[in-house]
Structure formats: structure tokens, C-alpha cells
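Here are some notes to go with your first look at this structure. Have it open beside you as you read.

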Amino acid sequence: MNKNGKISEANKYSPSGVGGNIDSYTHVRGESVYLDDIPVVNGTLFASAFDSPVAHGKIKLLDTTEAEAMPGVIRIFTAYDIPGENQIGGIIPDEELLANTHVHFCGMPIALVVAETDEAARAAIKKIKVEIELLTIITDPREAKEKGELIIPPRTFQIGDITTAWSQCKYIFEGRTETNGQEHLYIETQGAYAVPQENGVIRIYSSTQGPTAVQRTAARVLAIPMNQIEVDTTRLGGGFGGKEDQATTWGVMCALACYHLKKPVKYSLHRMEDMRMTGKRHPYSSDFKIGLNKDLKILAYEAVFYQNAGAAADLSPAVMERTLFHCTNSYFIPNVKATAYCCRTNLPPNTAFRGFGGPQGMFVIEAAIAKAAEQLNIPAYEIQQKNLLQTGDEFPYGQKAESEANECWSKTNQLYGIKKLQQNVDDFNSKNKLYKKGMALMPICFGISFTKTLMNQARALVHVYTDGSVGISTGAVEMGQGVNTKMLQVAAKIFSIDPVNIKVTTTNTYRIANTSPTAASAAADLNGRATEIACNAVLQRLKQVAADELKVEVSKIEIKEETVFANGSKTEWDWKKLVMATYSKRISLSELAHYTPEDIHFNLNKEKGHPFVYHVYGTAISIVTIDCIRGIYEVDSVKVVHDFGKSMNTMIDLGQCEGGIVQGIGWMTMEELLYNKEGKLMTSALSTYKVPDIYSVPKEITIHFLKTQKNNSAIFGSKAVGEPPLMYGIGAYFALHNAVKAFNTTAGLKYDAPMTPEKVLMGLYSPAKKNELLNAEGIKVI
Ligand code: MTE
Ligand code: HPA
Ligand code: MOS
């Protein structure tokens with residue numbers, strides 16, 4: 001609320017007027033409903049999974065007798081209790097719900113205990129005995145590739161002619177990079193609650209990004225038709241990709257127990273179970289070779305990506321594909337060859353995570369540019385800027401860019417002054433011995449659409465009730481990203497009614513069928529466009545009724561702020577009266593609309609096509625300060641120009657940018673996922689896995705909303721914002737590198753993310769530097 005007592009534009013979608021998101025009010029009051037807030041039905045039972053203690057082996061013996069005798073235990077389910085297929089693989093059928101004869105990763109579910117209480121279920125788990133004959137464990141993707149452990153055949157994207165291009169290059173650099181995985185750490189852990197309905201129907205409340213995936217898989221595992229499974233999702237306490245595919249496991253487990261016991265069954269994972277049993281962002285190990293001409297134009301780029309997929313396909317083939325799509329980030333490179341291997345290892349199957357393989361691809365080209373810059377002794381931004389995509393440039397996959405890369409870059413320079421900031425950093429470094437600053441630019445280019453073309457479809461169901469209030473259902477899942485607010489805004493704008501009269505209902509497979517998961521940053525676009533079509537269809541009928549009643553042509557009717565206008569002048573008719581009149585004439589006040597974007601296609605044989613409806617661009621400048629005694633650091637600032645198209649909700653979009661940046665910085669600098677050689681996760685708790693807290697967020701994040709004008713087919717021209725900002729976080733990694741090099745020119749840093757304080761410290765005091773310090777006066781190195 002502003003000081004005149006009016007609700008400002010940004011705040012008017014919240015009933016309280018306190019935020020740009022309709023959920024803010026119930027969030028701050030603790031009234032928002034997550035899985036654990038759903039009141040449980042009397043007689044509800046609780047499930048817990050017994051998971052494999054080893055990463056690979058053959059099950060010799062599974063003894064549940066002692067566990068079954070534990071107080072409160074109702075039943076223990078194993079693979080033998082599955083009436084349909086023991087199969088949860090989405091893309092490839094290679095993943096069992098419960099291990100049958102073999103286990104493939106530490107944390108793979110083997111049995112499901114169902115008991116009267118959560119505590120009883122977990123106590124019984126401890127009494128299950130298993131004997132497993134160990135088999136060879138692979139944790140490294142390069143080793144997996146050597147041994148032929150590939151989930152799908154390798155794929156290669158190519159443009160130009162890489163073999164002849166090298167001879168035209170003045171400079172050629174090669175290197176290797178590593179990016180580690182990342183724990184999703186959604187605040188709400190995975191979970192589901194299955195409640196039996198009449199006639200064998202099972203309703204599953206699921207904390208999922210993909211209600212249809214839960215429905216489809218439950219039907220498959222139980223061998224019942226999909227129409228017997230209702231999946232309902234109110235909202236998630238975060239998903240970040242971790243619940244696109246992997247929420248299915250828990251939903252189906254609850255459904256399995258519910259099917260057999262005819263009782264409601266709930267399973268809400270404890271944090272450590274969740275961290276141990278679920279897959280994460282894919283670690284990648286990669287090789288690059290980059291060639292530039294004398295003007296610093298990149299003429300050739302070759303990359304080989306080894307994706308650590310984990311023990312089953314999950315979404316890995318699609319994630320790998322997006323790595324290839326984004327392997328040149330926002331640069332035009334005329335000769336490219338990029339190959340990716342989807343390597344099967346004995347880790348939990350890795351899965352979608354904000355950016356979906358894109359960030360991993362972008363890191364490698366940024367490392368290649370950083371290496372070239374280091375060797376040529378120039379700032380990386382000189383190479384970056386010279387190679388930005390122009391409109392009309394072709395990506396290695398055949399699509400032509402509608403580029404905003406140069407607009408974003410030049411606005412960044414105009415607003416923040418790249419050279420001036422670099423000068424400030426250099427001045428600081430020349431004056432300070434024990435603190436050093438580093439700066440790096442990070443341009444981004446991210447394609448919007450599911451890379452699997454058929455997934456780009458959505459439906460919306462809009463009802464106008466006889467009192468004029470409106471209900472909207474779509475396939476989009478609210479997970480904090482504000483998609484419900486955006487859906488509500490679409491209806492409010494098209495009907496021109498007060499947003500308080502509109503309600504977005506839960507995401508439910510009985511209302512909206514065959515949904516794509518809420519992912520690929522495309523939920524607001526796909527579901528928003530469907531909502532737009534549905535609202536327009538109802539609006540058209542309402543206008544026809546008004547035209548008939550007022551005896552004017554329908555094209556002369558307008559509805560503005562709940563008032564009907566004819567020929568530009570106000571009439572006696574308002575929204576409610578018109579709705580009632582339409583109903584009285586037995587004309588439908590409801591619409592189910594379908595939307596699918598045109599002009600997207602991809603030819604898998606040629607690896608060419610037009611997979612994205614548009615791209616999102618942006619540029620960030622990251623500046624960091626390191627403490628050269630301790631190796632610790634702070635991110636001073638991240639200054640961004642981001643291409644929003646025409647943002648429809650600046651508060652939400654700002655939040656998405658800030659959150660994405662911090663999550664990206666976390667991945668690049670401090671989140672260190674460690675599996676030991678036996679495939680056991682060593683960082684399975686918040687005491688051992690460090691995520692950014694309030695003290696580690698940048699001291700300054702400035703976001704400039706660049707309004708870009710090109711047609712983009714986004715909802716109301718408001719470009720998708722969910723994932724792209726995460727990739728600005730990559731800038732913090734290279735800024736840290738530059739800061740270390742300011743202290744120690746002989747640091748010899750590897751491109752190995754995350755850049756933890758330990759790695760910074762090792763870089764600061766590489767052997768050569770140590771000797772130099774020992775010989776210098778006044779500094780004592782112990
Ligand atoms: N923001 C919040 N608060 N919580 C989330 O789980 N997920 C991200 C992003 N922003 C996420 C989020 C991911 S991975 C995606 S794909 C998009 O939101 C999905 O939502 P959208 O399509 O509506 O942007
Ligand atoms: N992005 C996110 N999730 C997905 C995609 C994608 O491109 N394809 C399938 N699931
Ligand atoms: Mo987001 S990784 O596409 O759920």
C-alpha cells in the first residue's frame with residue numbers, strides 16, 4: 001500500500017497489498033498449504049523406504065521378519081508386491097521403483113515399511129537385514145565412458161568445418177573443466193499422501209512439478225488406468241527441477257501401499273533421507289579446445305562433455321541435450337563440434353536442476369575464453385564482447401538468433417562502466433596486499449521451450465461463476481516462482497476485472513489432463529497463453545450478449561474495469577449483470593483452452609532445427625573480494641542488465657533474478673557435493689553441505705530491467721525468467737579466479753567448480769608463490 005492508501009501496480013495482486021505475489025500474504029502468516037499442512041484423515045498410515053547401503057550389488061538376502069514384528073508396523077512392501085510394472089523410468093524404462101535383484105546406487109529403495117506412525121516406520125527400517133554381493137562401483141563419468149557404460153549413444157552438434165578451421169586460428173588453447181553437482185535443497189522435502197476414494201480411485205497429494213508424471217507412473221506400477229488416479233498439488237516449497245521427475249517415486253510408493261491396504265498412506269521425507277536418496281544437478285567433466293584469430297574472433301570451438309548421469313536415465317538424455325544447445329552460450333562461433341556422453345555411474349540418478357544442463361555447457365565455453373584471456377594477458381571481457389551473437393547468427397543447432405546480446409552488453413557498459421569498474425578493481429589491488437578483488441562478466445543466452453517439442457503444450461480451464469467471480473485451473477504448479485499470480489494477472493487483464501475476484505485453484509489431473517511438468521521456465525508462457533485463449537473465448541461470448549442486449553455491433557463492446565462500454569461510452573451494464581444475463585441465456589461461462597507454440601521443430605537425425613520459441617539474454621558483472629590470509633571471500637556486487645521482454649510482474653521477476661543468482665553463486669562457489677569411491681554421499685546433511693545463507697549473498701545485486709521489443713510470443717511479451725538468471729552465478733567463479741591471480745600470478749588454477757575457500761587458499765599459496773613469499777622481506781610463511 002502506498003502512502004495515499006492506494007495499492008500500487010506491483011502490489012495489487014496480493015490481497016494484503018504487501019507484495020507482488022498473491023501468496024505473500026498467506027506465506028508470511030504461515031497459512032500457505034504445503035504437503036505437510038494437508039489435514040490427515042483418521043487412520044492414515046505412514047511410510048518410509050529402506051534404501052541400499054551400497055552403490056552396486058546383487059541382493060542375496062532380504063530379511064524383514066524382525067522389522068515386521070516391530071510395534072505399529074502394518075506391512076512391508078517389496079518388488080514382489082507390485083501388481084503392474086516395477087518401472088518408474090520416464091524417458092527410458094531403466095529404473096525400478098523397488099530394487100528386485102540388484103541395487104545400482106546408495107540410497108536406492110529396496111523396501112517400503114508402512115506403519116501406524118512415522119516414528120514406527122522409521123524404527124522398523126533399522127531392523128531390516130540385507131545381504132548384498134558387491135559389484136564394481138563406478139562414480140567417475142570418464143571411467144564409465146571407457147567401460148562403455150552409456151545410457152544413450154553420444155550426440156554431436158556441429159556447425160561449419162572444425163577440421164579446417166584450426167589452420168586459420170592464430171591462437172589455440174585446450175583445457176579441461178569440472179563442474180560439480182548441486183543439491184536442490186528445496187525447503188519442503190519430497191513427499192506424497194495417497195488417499196483411497198470410492199471404486200478403486202486413488203487421490204495422490206504430491207509435492208511434484210509434474211502431476212501427470214506421478215499419475216502416469218502410478219497407473220503403470222499399479223496396472224490400473226490413468227483415470228483411476230487423481231493427482232492434486234496445491235504448491236511446492238520449492239522444486240528447482242528436483243521434483244520434475246523424482247517426486248514420482250514417493251507418490252507411487254504411497255499409491256502402492258494405499259492400493260494394497262485401502263488406507264491413506266503418507267510419506268514425507270526427512271532431510272537426510274531426501275539428500276541421500278534423490279539425484280541432483282549433473283556433475284560434468286569436459287574437455288575444450290578453442291581457436292581465435294588475431295582480432296580475437298573465436299573461429300573454432302570443440303568440446304566433449306562427460307555427463308555423470310547416475311545409475312538410471314531419469315531426465316539425463318534431455319539435460320545432456322540442453323548442454324549441447326547452450327555450449328556456445330551467447331557467442332557466435334562459425335565452426336563448432338560438441339559431443340556429449342551420457343555416462344552411467346553408481347550414483348543416485350541425477351536430474352533436472354534450474355538451467356537443465358545449460359549452465360554446465362556454458363561453464364566450459366567461459367572457461368575456454370578465460371584460459372585464452374589468461375594466456376593472451378587480456379581481460380576475458382574483451383574476447384566475450386567481440387564474439388557476442390548478432391541477430392541472424394546461426395546456433396550450432398541451426399536456429400537463427402534474434403539476439404539481444406549486444407543490447408544487454410552495451411546497456412551494462414553504459415549503466416555500470418566495465419572499464420571503470422575494472423580500473424577500480426585494479427586500483428584496489430595495487431593498494432592492498434592482503435585483500436584482492438576480482439571481476440568477471442557473464443553474458444547469458446538461454447533458449448525457452450522444452451527441448452522435446454511435444455512437451456510444449458498446455459491447457460487452461462476458466463470458469464466464470466454466476467456471481468462474477470472467476471476460477472482458473474491450469475497445468476502449472478506453483479513452487480514459489482509466482483506462476484499462479486501470473487495466471488491471475490492474465491485473467492484480470494483480459495476480463496478487466498478486479499484481481500480479488502479471481503481464484504487460481506490447485507493443479508489437478510482431473511481438471512487438467514496430460515500436463516507437461518512445470519519446468520523449462522515455460523510454465524507461465526504455456527499455461528498463460530492457454531489461459532489467455534480460454535478467457536478470450538468466454539469474453540467473446542459475454543460481449544456478444546452485451547451487443548445483443550445493447551443493440552450494437554459486438555466489435556463496439558468493451559469491458560473496462562468491470563463496466564460495459566458500447567461505442568466508447570459507459571453503459572448501465574456491469575460485469576456481474578452481464579455474467580448473469582449470459583447465464584440466463586444458457587450460454588457457457590466456461591472454457592477449456594489448449595495452447596501450443598507454432599514454429600518449433602527439431603530433426604534428431606540432423607541435430608538441426610528451431611527448438612526454441614525465443615531466447616532470453618542478459619549480462620552480469622560480478623565483483624568479489626578475497627581475504628588472502630584465509631582464502632575466504634565475499635561477493636561485493638552483481639550488476640545485471642536482463643532481458644525481460646516486457647515484464648508483467650516486476651516484483652516476481654526481480655525475486656526470480658535475485659534467487660537464481662544466489663543459487664548460481666552457491667553452485668559455483670560453495671556447494672560441494674562429495675561422494676566417496678564407494679558411491680556414498682559424504683555431504684548428506686546441512687552440517688556438511690554448505691548452501692548460501694544470508695551472510696553469503698552478494699552485498700549488492702542490481703538488476704536493470706531491459707525492455708526488449710522484438711516479438712517473442714511470451715505471455716504478454718513478458719519473457720520467461722525462471723532459470724536464466726542462475727547462470728549469472730558463473731561470473732562469480734571467474735571473478736574469484738581473477739582475484740586469486742591478482743595475488744598470485746603463478747596460481748595455475750584449474751577450471752574446477754565450485755571455487756571453495758579451500759581451493760582459493762590453495763591457489764593463493766601454490767608452491768611458486770610460497771617460495772616467492774619466503775624470499776620476500778617482512779612476510780613470514782609458516
Ligand atoms: N523459483 C522458486 N521460488 N522455486 C522454484 O522451485 N524453480 C525454478 C524457477 N524458479 C523454482 C523457481 C525452475 S527450475 C524453473 S524451470 C522455473 O522456476 C519453473 O517455473 P516457470 O516455468 O513458471 O518459470
Ligand atoms: N527443460 C526442463 N525440463 C525438461 C526439458 C527442458 O528442456 N525437457 C524435458 N524436461
Ligand atoms: Mo526447471 S530445471 O526446468 O524444473
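1. Start with ligand 1: one of its oxygen atoms sits 3.4 Å from a polar backbone atom of serine 521. I'm counting polar contacts here, meaning pairs of N or O atoms within 3.5 Å (within protein, one must be able to donate a hydrogen and the other to accept it, and residues adjacent in sequence count only if both atoms are side-chain atoms). Alanine 522 also contributes, with a backbone N or O atom 3.2 Å from an oxygen atom of ligand 1. Phenylalanine 240 does likewise through a backbone N or O atom, at 2.9 Å from an oxygen atom of the ligand. On its own, ligand 1 exposes 520 Å², and the protein buries 92% of that (accessible areas by the Shrake-Rupley method with a 1.4 Å probe).

2. Before going on, a word on the ground rules: this is a predicted model, where local features need pLDDT of at least 70 and side-chain atom pairs count only at pLDDT 80 or more, while totals for chains, interfaces and linings use all residues. Residues are numbered from 1 along each chain as its sequence is written, chains are lettered from A and ligands numbered from 1 in the order in which they are written, and side-chain values use heavy atoms, with hydrogens and water left out.

3. Now look at ligand 2, whose surroundings include Glu244, Arg322, Phe356 and Thr451. The side chain of glutamate 244 has an N or O atom 2.6 Å from a nitrogen atom of ligand 2, and the side chain of arginine 322 has one 3.1 Å from an oxygen atom of the ligand. Threonine 451 uses a backbone N or O atom instead, 3.1 Å from an oxygen atom of ligand 2. Taken alone, ligand 2 exposes 260 Å², of which the protein buries 98%.

4. For the backbone, check proline 754: the peptide bond from alanine 753 to proline 754 is cis, with omega near 5°. Proline 754 lies in the loop between strand 30 (751-753) and helix 19 (757-764) (helices are DSSP runs of H or I, at least four residues, and strands of E, at least two, numbered from the N terminus).

5. Asparagine 329 deserves a look too, with a positive phi of about 40° although it is not a glycine. Look for asparagine 329 in the loop between helix 9 (316-325) and strand 15 (335-344). As background, most residues other than glycine have a negative phi, and most peptide bonds are trans.

Notes. Near = heavy atom within 4 Å.
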